[in-house]
Structures are given as C-alpha cells and as structure tokens.
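This report covers the overall form of each chain and one contact between chains. The sequence and structure come first.

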Amino acid sequence: MIKTDVIIIGGGATGCGIARDLALRGIPHCLIEKGDFAAGATGACHGLLHSGSRYAVTDPIAARECYEENLILRRIGRKCVEQTGGLFVRLPGDSKRFRELFLRSCEEVGIPTEVISSTRAIELVPNLNPEIEDAIKVPDCSIDPFRLCLLNIRTSQLRGGIIFTRHKVTEIIKSHGRCTGIKAVDQATGEVREIHANIIVNATGAWANMIASLAGSEVPMTLVKGSLVITNHRLTNMVINRLRQPSDGDIIVPNEAVCLAGTTALAIDNPDQLLTESSEVDTIISEAGKMIPHFNNTRIIRAFSGVRPLLKSKKADSHEISRGFQIINHENGMYSIAGGKLTTFRLMAEKMVDTIMASFNLKKSCETAEIPLDGQEELSGYPLSKRLADMKNIVCECELVTRQEVERIIRQTGTRNVGDIQHRTRLGMGPCQGGFCTFRALGIMNDMSVISPQQSMEMLRGFLQRRYRGIRPALWGDQLREEQLVEYIYLGILAMEKPE
Amino acid sequence: MKYEHCIRCTICVENCPVFRVNPEFPGPKQAGPDAQRFRSDREKADDEWVLLCSQCKRCEMACPCGVEPAEIILKAQQRYGLEHSHTPAHLLFANNYYLSALGSLTVPIANMIASAEIGKKAFRAMGISTYIPFPKFRFRTMRKEKKILNKRTRKVAFFYGCFINFYRPDIGRKIIRLLSALNVDVVLPPQWCCGLPALGNGNLALAKYFAQKNASSLSNYIDAGYDIVYTCTSCGLCLLHDYPGILEIPQGKKIAENCYDVHEYIIKLIHEEYAKPVFKETRRRIAYHIPCHLRALNIGYPAAKLMSLIPGLECEILDDTCCGLSGSYGFKKSNESTAIQLGNRAVSLIRKTKANDIVADCGSCRMQLGGLSGLPALDPAEILCESLGITDQK
Amino acid sequence: MSVIEYDVVIIGAGVAGLTAGALLADRGFKVALVTTGEPTACLSTGCVDVCSRDHKPLSGINDLPPEHPYHLVPEKITRDALNNFQTAMMDMGIPYAGTAEENRFILSALGTLKTSCLVPLTMKTAPQDDKDSIHIVTFKGLKDFYPGYIISRRKNTKFSVYDAGVYSTMGIASHFEEKEFFEKFIIWLGKLNIDEDKIAFPAVIGMESAAEIVNTIAILMGKPVFEIPTIPPSMPGRRLFNALKGYFRKKGGMIYWSWPVEGTEKAGRLIEAVATHSAGRPNSINARAFILATGSFVGGGLTATREAIIENVFNLPVHTDGPRETWFDNDYFSLNHGIGRAGIIADLSLRPVDSPWENIFVCGGILANTEILKNGCGHGLALATAHVAAQSCAEYLSNEI
C-alpha cells in the first residue's frame with residue numbers, strides 16, 4: 001500500500017503537466033495511467049501548438065491563453081518544440097471579410113500576424129495550391145505529444161514522483177464520504193495496487209465521467225470523435241490552416257517526418273469504441289487537397305481517431321463548443337479537470353496545482369513556465385536533417401532509430417511492451433508502420449532476455465493487431481502494397497501462427 | 001515525389017554493390033527514400049555518406065515501384081557538393097577533361113609522370129588511388145581526325161567521349177571506319193566532356209556548362225539531319241538521362257530522342273536493310289561484361305546481339321556484377337577497398353567462364369577488369385571490326 | 001524508331017513469368033521478357049509452397065474452393081511443373097529437395113515450423129518437429145536475424161556468433177563465396193564444441209555456392225546443417241531468382257530491365273505491341289502473343305485506388321469481392337481478407353475472361369481467388385499456371401502460323 005499526497009489519474013498532457021508542477025513544488029504524488037502516456041486525446045491530436053489565432057474570432061480569451069502558452073512552451077521546450085510557423089491560407093471563394101475579422105481579432109488578442117502574398121506563401125511552402133489568394137503568417141508550432149508527456153514525467157521521476165502506467169483504476173476508496181485512495185490493476189500481471197492520498201485529481205479526459213462516477217460524482221461531457229490521417233512524408237514545413245470558420249479537415253501539421261491532417265467531428269458515446277470511417281478519411285483528404293493539391297494523390301500511411309473531451313454544452317456544432325477548461329471540485333477530496341486543449345496543458349496544470357496548494361494551505365508558486373523541460377538533452381532535436389549525420393546501426397530505417405536508443409529505452413523503462421518503445425523513439429511510425437523494425441525490436445528484447453517466449457509471440461501478435469487498426473482505414477495505393485508485403489513477411493516468411 | 005512509392009522491399013539494397021562491401025554506406029533505400037523524408041531545402045546537408053554511392057543505377061533497374069533511388073541520391077550528392085568544400089580528388093576528376101587535354105598535349109612526359117613512383121605518390125597524397133595503372137594519354141586525339149563525308153543518305157555525328165578521345169583514339173578510328181563501311185557518313189561535331197565526371201564529383205555547375213555546349217553543338221547537327229551516335233555507355237546515359245533530367249538542358253529531350261548507342265544504331269541499320277554486313281568467322285572465347293550504365297539505358301544489349309551474328313565467337317554474358325570502378329569513383333582512396341573487392345568478384349566470375357578475353361563497352365570497366373585480371377579487355381566494336389576486317393590504319 | 005519483334009513477350013520477371021518464358025524459349029519461340037523491376041520472388045524464402053492446407057499438397061489442392069485457379073491446371077501438369085522446376089534448378093546449381101507427394105517443414109526465423117513442399121537443399125535437414133537440438137551459428141551485427149526467437153521456442157537450442165566483418169545478408173553471403181574467408185571461417189567453426197544434433201545458419205552462407213558450402217560444413221562437422229530464411233533482403237529468394245533468370249537466358253530468352261509497360265498497340269482483337277517510355281525515344285516491342293505474369297499488389301500487377309482495383313498493363317477486368325470496405329477484415333489474422341481474392345479470372349486456356357483480347361495469357365499471382373497466404377500456395381501456383389499458360393500460348397502461336 002502506497003501513501004502519498006496527491007493521486008493523479010490520467011497520463012495525458014494534463015496529468016503529466018500536473019505531475020511536473022507538483023514535483024517542482026515539492027508535493028509527493030503518484031500518477032496512474034491505464035495505458036501508456038498520451039493514450040487518449042493527447043496521443044490522437046494534431047500535435048499542434050496553437051498560436052491562438054484559430055480562436056481569436058470566436059473565443060478571444062482562449063486565444064490569448066493559447067498564445068501565451070505558445071510563447072512559454074517555445075521557451076521551456078527549445079529542443080522539443082519545432083518552430084514551424086503557420087499559414088492561414090485563403091482559397092478562391094473564401095471570404096475577404098473573414099480575413100479582415102481574423103486579422104482584427106488577432107490584433108486585439110495580441111497575436112502577431114503578417115499578411116503575405118500568394119507568391120511568397122508558395123515560396124515558403126512550394127506544395128501549396130497555386131490558386132491561393134493570399135495567406136496570413138502566424139507563430140504556430142508543432143510537437144510530438146508523446147514526447148511532451150514524457151518530458152513532463154521526467155521532472156516528476158527526477159523528484160521522486162511515483163508513476164504507474166498500464167494500471168487501470170477500478171475503485172475509488174472512500175471513507176466517510178471522502179475519497180481516500182484508489183485501487184488499480186496492473187494490466188500485465190493482474191496485481192492490484194492500493195494507493196492512498198489526500199487529494200485525487202481526475203485528469204482522464206474523455207473518461208472523466210466514468211472515473212468520477214467511481215466516486216459517486218459526475219462530469220457532464222460531450223464526447224466528440226475526431227479523425228486524422230498521416231502522410232508518408234512532409235508535404236509542408238509549416239502548419240497550414242484554412243482561413244475560414246473552423247470546419248472539417250482544415251488543418252495540416254508537419255510533425256517529425258510526416259504530416260497530420262484533419263480533423264472531423266462526430267458525437268459518440270463510448271470513448272473505447274472508435275472506428276475510423278472511410279468517409280472521414282475521404283473528407284479529410286478532399287479538404288486538405290484544396291490547400292495542398294498533392295494530398296489527393298499522396299500516400300496515407302495511417303488514419304486514427306481520438307476523442308475530444310468537451311464540457312457539455314448546449315451548442316449543436318461541436319466546433320463551436322468552447323475549448324476552455326474547467327476545474328470541478330467534487331467536494332469529496334476529488335477534483336476533476338476537464339476540457340482544454342494540448343496547447344494550454346501547462347496552464348491547466350498550473351491552475352489545478354494552485355487549487356491543490358490552496359487546499360493544503362501551502363504557498364509555493366508555480367515555476368513550470370520558467371524552468372526548461374527536463375530530459376531534452378537526449379533528443380536529437382530539429383531540424384530533422386541533422387539526424388542524417390550518422391546512419392549506422394539503425395533498427396528502424398524509416399524513422400532512423402538506432403539500436404543503442406532501443407536498448408537504452410528497454411533498460412531505462414524496464415518495458416516489456418514494444419508499444420512503449422514506439423512512443424519513446426518513433427520506431428515503427430514511418431511508412432512501413434513497423435513492418436521490419438518490430439521484428440528487430442522484439443528480437444533485441446529477446447536477446448536482452450527481458451521477455452519470455454510466450455510474451456514474445458503474444459506481443460508480436462498484439463502489436464500487429466493494434467497496428468492494423470490504424471492502417472486499415474488507409475489501405476489503398478502504395479500503403480496497401482506496403483501492407484501486403486508486411487503481411488507476406490509475418491505470415492508467409494516468418495510463418496506466424498494464427499492465434500487460437 | 002517518387003519516393004512515396006517505396007514499400008521498403010529492400011530489392012534495391014540487394015542489388016547495391018557498394019552496400020554489399022562497404023558498411024559505411026547505408027544502401028540505396030536508406031540513402032534515398034528513407035533519408036529524403038528528413039532532408040529539407042532549407043537546411044544544410046549533413047549526409048556525407050551519400051558520396052559513397054557510385055551511381056551505378058542498379059537500384060533503379062531493380063526497383064519494382066519506380067522509386068528511382070539513384071536519382072534522389074544524385075541530387076543529395078550535388079547538394080552536398082554545393083555546401084561543402086571539395087577534396088583534391090573530386091576537383092581533379094571533375095575537371096578531367098581539361099587535365100586530360102593537357103596530358104595529351106604533353107604526352108611522353110605526362111605518361112612518364114603518371115606511371116612513375118613519384119607521380120603515384122603524389123596521387124596518393126591527393127587522395128587518389130593507384131591500384132590499377134592510369135590510362136595512357138595519346139597525342140593524336142580524335143579532335144585531329146577527319147570526318148568521312150560521301151554524301152550518303154545516312155549520316156551520323158559521332159560523340160566519342162573523353163576516354164576514346166584521350167586514351168584510345170584507335171578505337172574511335174575503328175568505329176568511324178566501321179560506320180563508313182556500313183555506308184554511313186561520319187562527322188566529328190565540336191564536343192566537350194559529356195559532363196558526367198563533373199556531375200559525379202559534385203560539380204553541377206561545371207556539368208551544366210559542358211552539357212549546354214554539347215547540346216548546342218549536337219542540336220545543330222540533329223537539325224541538319226544527322227543522327228548522334230555514342231560509344232561510351234556512360235556518356236550515353238548522361239546524354240539521354242541527365243541532360244533532360246538533373247542538368248535541365250532545354251534541348252535535352254531532342255538530344256535524347258536522337259542519340260543512339262553505336263551498336264543499337266548498327267542493328268537499326270541492319271533491320272531497315274540499309275546495311276548488310278557480312279561477319280567473318282572469328283574464333284574467340286569472350287566474357288562480355290555488361291557495364292552498369294548500359295543496363296540503365298534500357299536498350300537491351302545490342303552489342304551482344306551483333307556479336308551473336310559472328311560465326312565461331314563464343315560469348316558469355318555477365319550482367320550481375322558491377323566492376324567497381326564506376327568512372328572516377330574507384331580512383332578515390334576512400335573507395336579503393338570497395339572498388340577492389342567488387343572488381344575481384346567480377347573477375348572471379350569472369351574466370352569461371354574460362355574466357356580468354358574480356359569485352360565491355362565502357363572504358364572504365366575495361367580498365368578495371370583488365371587491370372585486375374591481366375586479361376585483354378576489348379571494346380565490342382573491336383570484335384566487330386576484327387570480324388569485318390576493319391583496322392584503324394589506312 | 002526501331003521495331004523489335006518477338007513471338008511472345010512475357011510481362012513480369014517472377015517465378016511465373018520466367019518459367020513460362022523458359023518453356024516457350026525451349027520450344028524454339030523467340031521470347032522477350034519485360035519487367036519494371038525485380039520480382040517478389042527475391043524477397044521469398046526460396047521455398048516452393050504448393051498447398052499447405054493438407055499434409056499431401058495435391059489432396060489439399062483438390063479441397064480448395066471451386067473458383068481457385070489451381071483447378072484450371074490438370075494434376076499431371078502440376079506434377080510436371082514441380083518436376084521440371086527441380087530439374088532446372090539442379091541444372092543451375094541450386095538443387096531443391098522434396099516431392100509433390102507430401103509437404104515438409106522448414107524452420108522459420110521466429111522458430112515456428114513453416115509448411116512447404118519443395119525446399120532448397122540448404123534447408124533439407126531442417127527439423128520436422130521440436131525434438132532436434134540445434135546449434136545456431138549467427139553473425140555479428142546481422143540485424144535481420146535473432147536467434148533469441150528460436151531459442152525462446154525450442155528449449156534445446158544454443159548459439160554462437162561469428163564476426164564476418166560485414167553486417168548485411170548480401171555482404172556475408174558474398175564473403176562466403178571467397179576462398180580465404182571461407183577457410184578462416186571453417187577453422188573457427190571447427191574449434192566450436194557443438195553437442196547439439198544439428199547446426200543451423202541464417203540463410204546467408206553463400207550465393208551460387210550455398211548448397212556446396214552447406215555440404216562442406218556438414219561433412220566437416222559430421223552433423224546435418226541447414227539454413228533458416230531471413231526477412232528481406234533474402235538470399236534464398238535471390239538465389240532462386242538468379243537461377244530462374246539464368247535458366248531463361250540459357251534457353252535463349254532476352255530480358256529487358258526497368259521496362260514498365262506504359263502503353264499497348266492493338267489491332268482488332270489482338271495486342272500487337274507493348275511500349276515503355278525510355279529516355280526520350282518511344283520504345284516498343286512487337287509480339288504475336290503476350291503473357292501477363294505481373295503478380296499481385298506487391299509485384300505491381302494490381303493497383304488499388306480508393307475506388308477500384310486496376311490491372312496495370314492491359315486494364316483487364318479485375319474481380320473484387322466488393323468496394324474498399326470489403327477488402328480487409330477487422331481481424332488482422334483472419335486470412336480471409338477480401339483483397340486476397342482480387343485478381344484476373346481466367347478460363348481453362350488461361351486467357352482472361354470477359355476480355356476482348358485473343359492473344360493474352362495470364363499466370364501466377366495476378367490470378368483471382370488465389371488467397372496465397374491462407375492456402376500456402378505461392379510459387380507452386382506460379383509454376384503450375386505458368387506451364388498451362390505456356391502450353392496454351394504455344395498452341396496459339398503454332399496455329400497462327
């Protein structure tokens with residue numbers, strides 16, 4: 001039985017941000033996550049660090065928050081935030097009046113913008129639709145969301161934070177009507193852990209209501225599915241947005257060596273049952289294709305869906321629901337923090353921890369905006385091209401992941417799960433989606449004797465099945481050809497047995 | 001964006017001769033479509049290992065998806081060459097045309113220096129390998145040859161290339177007489193180095209310079225009704241592939257449409273019944289080593305077809321290995337080990353055929369295979385001329 | 001523009017194409033083979049799977065669903081095709097073990113037993129159950145092979161590592177062809193204390209001389225020696241391809257590399273020529289008959305757009321189960337994916353049905369309803385259908401004269 005001051009349920013950006021803040025303010029804490037980090041909306045988003053301009057027209061307060069956080073994250077995350085810049089492109093037929101409104105709103109909020117000609121825009125992003133009228137340059141950035149979570153958690157680990165991933169919370173322990181702890185099941189072994197704390201923070205995003213109900217509370221939410229597609233390579237080096245009222249498919253974000261495009265918006269009930277429809281994929285490609293024509297013919301390597309955890313609202317169009325966040329005090333020792341977006345995670349965490357500090361009657365103030373993120377020295381950083389300097393000993397050739405990196409992650413995290421290696425190194429995130437490198441990564445784990453024969457086969461099967469879910473909606477053209485080859489390798493050459 | 005089509009099948013890697021023997025080179029897949037996802041026009045090139053690619057094009061011939069890795073790597077090599085200083089070896093070979101011109105003017109001295117120990121030491125100090133002897137310069141280059149114009153219906157402008165010009169003008173003369181014997185007029189248009197040595201040594205600007213001059217000259221002849229004929233398969237690949245391609249020569253397409261390999265041209269003449277050569281018996285047992293660039297020309301193996309018409313000639317075709325020299329590639333010290341290993345493998349396969357002579361269309365291949373095996377290395381045109389009784393003397 | 005003429009042009013350099021080509025060339029026809037690149041066979045284990053669903057492959061074939069293209073091949077021809085293959089490969093220096101009467105196992109790189117029918121001699125002594133103890137000799141830095149997988153499944157396995165100085169499958173295989181390297185290796189190997197029943201290597205011990213090398217080592221060590229196929233780049237696949245290529249050339253066939261067919265010339269119900277784009281000058285080859293052996297998706301014979309599946313050369317009608325949603329099941333391991341049934345349906349003469357062309361024949365992976373992974377019938381089907389296609393083509397050409 002573990003005793004600590006604060007339990008954080010949820011290892012997304014918010015949860016990890018809270019862990020970091022608590023660590024810097026010296027508060028003992030324990031974070032529980034049912035999957036790996038960024039398993040929910042954090043891991044299923046564009047990876048876009050907004051300049052805020054996107055909300056300037058409809059929600060100036062949210063826009064201001066975003067912009068300030070954008071500046072902070074650029075400062076504290078020098079090596080993990082890619083300062084790509086962004087363009088809002090106006091296509092023929094897009095309203096000039098909206099452009100004026102957009103510019104005015106950004107100015108009022110204080111977000112720097114620059115109107116540039118179509119010629120200049122095409123110079124910056126050669127793949128842009130040659131028909132664009134003009135564009136507005138904004139300071140958008142991109143980040144790998146897994147990496148963001150891991151760097152935040154690093155601070156917690158360095159200062160004694162206790163972290164349990166792949167542990168599912170099954171019970172919230174109450175005593176005299178107060179939440180005093182949780183029980184969580186280790187998904188690998190079935191072992192039950194009991195952890196007691198003074199405060200429980202429910203930072204589970206789309207599952208907030210489910211978790212809250214374990215304590216007899218509720219968090220009214222609207223769950224809105226959004227899908228994204230990933231391209232084979234960077235079609236743009238800057239974030240591309242459509243200069244119009246927010247709608248489906250109007251963002252393209254360069255992230256590492258790929259682009260993410262999306263998104264869609266469909267209300268759903270169950271965050272654990274997500275299916276990416278081919279109609280969504282078609283819509284995204286079509287809309288993205290209006291901004292970057294090559295999108296219509298490019299190779300899509302993966303398509304996936306995430307759930308936006310939005311606070312319940314009366315508005316019908318979920319694009320309009322405020323992205324603002326809320327801290328709910330359930331008056332029983334548990335708080336829920338819900339809503340928000342990736343860009344403002346740090347601010348959300350700050351407000352949450354401010355609340356916790358107040359309830360403990362402690363005065364230490366937040367330093368997360370000043371201190372650079374820990375662990376950045378291990379990153380290869382940007383620009384991407386400097387990773388080409390050394391091509392030796394590479395296990396994942398698509399994403400340039402070396403054997404040393406893989407071994408280091410295995411040793412450091414003690415992981416038995418190839419998915420964990422994937423999140424931490426991008427192994428298997430490239431065009432072949434782990435076709436070759438998973439065999440190698442598991443082979444290395446076998447060599448290092450960290451898994452048993454039973455585990456090895458199950459892991460491979462489990463990996464292939466999970467991976468398939470993200471690939472299936474993107475299977476045509478080159479990616480279908482790729483997939484047939486990978487299937488041929490595993491089922492033909494390696495003669496993997498069918499699961500019973 | 002052809003690299004989108006790469007399905008990572010590794011067939012290109014299986015075919016790459018450099019990857020097989022040099023662990024420093026990551027192979028065409030990693031150097032091409034994999035690395036391209038990380039390259040950016042806005043950032044400095046950090047990929048020095050791209051220079052290890054010999055541009056043999058075997059990866060492109062093997063790729064089932066149309067990725068063209070060699071082209072991606074070629075562009076990366078040019079980028080690297082633009083952003084980093086060139087080694088003395090690179091500078092020397094890029095400007096081979098000028099240096100060879102100087103060499104042929106000062107013939108006995110130039111050859112003495114090149115073959116003397118002091119010359120070899122100097123070369124090695126500059127990063128140039130000396131494991132096979134340098135070809136000897138000739139004084140009487142092709143420039144000094146006369147054209148043959150008898151107002152026949154078929155006329156060609158002969159693009160002879162630097163190797164023939166500076167080292168083996170005797171073969172060039174044989175080819176002129178061969179074409180003339182087939183009733184074809186031959187002129188020698190003003191010409192310069194095709195540009196491939198410059199391209200292969202990271203000097204895109206110099207390559208474009210040569211290419212533009214050649215294109216203008218040849219273009220005039222094409223307009224005047226001449227077909228262009230080349231004999232060196234690397235010159236041919238440069239004219240047909242790189243002029244309209246990476247060198248962006250405006251007349252590139254026209255040049256490509258009107259250039260023929262000399263053997264391809266002769267077959268055309270035979271097929272059109274314009275020429276009816278009578279090949280006499282020639283008893284030789286030859287191993288025909290197919291130059292990598294001939295494979296890359298997509299014209300099949302026309303010289304093999306012609307030689308199959310020669311009675312008594314036993315010819316075994318070997319097209320599975322690269323000789324390793326790859327133009328000036330093997331002459332650089334950093335590639336010496338690669339070139340020797342590949343050359344030895346090619347030679348061992350040749351020895352298995354028990355042939356007495358090696359035949360190859362490319363001067364580079366001949367130098368390498370002849371030098372490493374000690375066997376005579378001939379141009380297919382020499383075999384054809386022997387069979388038709390044509391010599392280079394009057 | 002020069003016109004090149006042949007009796008038949010084979011499109012596709014895989015097992016099916018090279019086999020059909022060799023048969024026709026052997027009969028005296030002028031045969032050319034054109035291909036975009038090298039075939040899927042280069043990536044394979046080199047083994048000929050005939051039908052893995054039954055211990056007796058020919059019985060397994062009989063039990064296949066009626067629409068399976070194996071039913072277009074009389075059993076005698078399937079037997080002939082397999083015999084013919086073994087003879088040809090023996091001739092080319094890479095002998096194959098096995099018989100059409102029963103399947104056998106090879107050991108996969110995951111340590112599972114893979115069912116096949118004809119296997120390269122270098123894999124003949126692979127264990128047929130989990131009883132044999134094995135000593136694996138692998139090579140330092142070889143990142144495409146991990147003895148750990150096999151050790152974790154077979155208790156009685158140990159391994160040793162040799163530093164070959166190069167770390168790729170091709171690099172090591174090439175080194176084994178060098179006398180000095182091999183001698184040094186043998187000396188090192190001889191010093192190992194091996195108690196196990198058999199010795200295994202990842203399939204990198206030599207190129208054209210692999211069978212000899214395996215034999216030499218077996219005699220030296222006094223134990224059976226076998227190879228384990230690796231993931232691509234696969235040496236046994238390459239050996240198979242080189243042998244088929246060499247055999248085709250030996251019979252007089254001509255190969256045009258990097259020759260993707262980009263257009264065709266037609267007259268009435270006949271295809272007259274195939275054309276490719278080549279360095280400025282249009283390039284075409286005339287023939288009286290054409291054999292389409294372009295393979296499935298990996299081979300490049302079929303392409304899937306979001307709307308449809310297309311046959312890339314002649315635009316023949318492609319059989320599909322339904323629209324894009326039906327191509328793949330939700331379960332990765334279902335082996336019932338609709339996409340496995342996509343392809344060209346052929347009649348008994350292996351001409352495509354519902355097509356206007358008289359002089360096209362189809363064989364190999366491009367046929368519909370093959371479900372190669374489910375039925376374990378890749379190269380075997382290619383050989384069998386190649387024989388029928390060649391026969392039909394030969395009859396057609398003889399009648400045409």
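Buried area is the accessible area (1.4 Å probe) that two parts lose on being put together, summed over both. Between chain C and chain B, this area is about 3000 Å², and carbon and sulfur atoms give 49% of it. E38(C), W257(C) and R281(C) supply 20% of the area that chain C buries against chain B, more than any other three residues. The contact (heavy atoms within 4.5 Å) takes 39 residues from chain B and 42 residues from chain C.

This is a predicted model, in which local features need pLDDT of at least 70, side-chain atom pairs count only at pLDDT 80 or more, and totals for chains, interfaces and linings use all residues. Residues are numbered from 1 along each chain as its sequence is written, chains are lettered from A and ligands numbered from 1 in the order in which they are written, and side-chain values use heavy atoms, with hydrogens and water left out.

| Chain | Extent along the principal axes |
|---|---|
| Chain A | roughly 65 × 60 × 40 Å |
| Chain B | about 60 × 45 × 45 Å |
| Chain C | about 70 × 45 × 40 Å |

**Chain A.** Helices (H or I, at least four residues) and strands (E, at least two) are DSSP runs, numbered from the N terminus. Chain A has 14 helices and 24 strands. The radius of gyration is taken over C-alpha atoms, and the globule rule is 2.2 Å times the number of residues to the power 0.38. For 500 residues a compact globule would have a radius near 23 Å, and the 22 Å of chain A agrees with this. Of these 500 residues, 64% are buried; the term means under 20% relative accessible area, with exposed over 50% and partly exposed in between (1.4 Å probe, protein chains only). Among contacts in chain A between residues at least 6 apart in sequence, 72% join residues at least 24 apart.

Accessible areas come from the Shrake-Rupley method with a 1.4 Å probe; for residues, only the protein chains shown count as cover. The surface of chain A comes to about 18000 Å², with 47% belonging to carbon and sulfur atoms. For charges, Lys and Arg count as positive and Asp and Glu as negative, while His and the chain ends are not counted; the place of a charge is NZ of Lys, CZ of Arg, CG of Asp or CD of Glu. Chain A carries 60 positive and 58 negative side chains, and the centres of the two sets lie 2 Å apart.

**Chain B.** This chain contains 21 helices and eight strands. Buried residues make up 64% of the 394. Of the contacts in chain B with a separation of 6 or more, 77% are between residues 24 or more positions apart. Chain B exposes about 14600 Å², 56% of it supplied by carbon and sulfur atoms. The mean positions of its 50 positive and 38 negative charges are 6 Å apart.

**Chain C.** Here the secondary structure comes to 10 helices and 19 strands. With 401 residues, a compact globule would have a radius of gyration near 21 Å, and the 22 Å of chain C agrees. In chain C, 63% of the 401 residues count as buried. Contacts between residues at least 6 apart in sequence join residues at least 24 apart in 67% of cases in chain C. The accessible surface of chain C is about 14000 Å², and 51% of this belongs to carbon and sulfur atoms. Chain C has 36 positive and 43 negative charges, whose mean positions are 4 Å apart.
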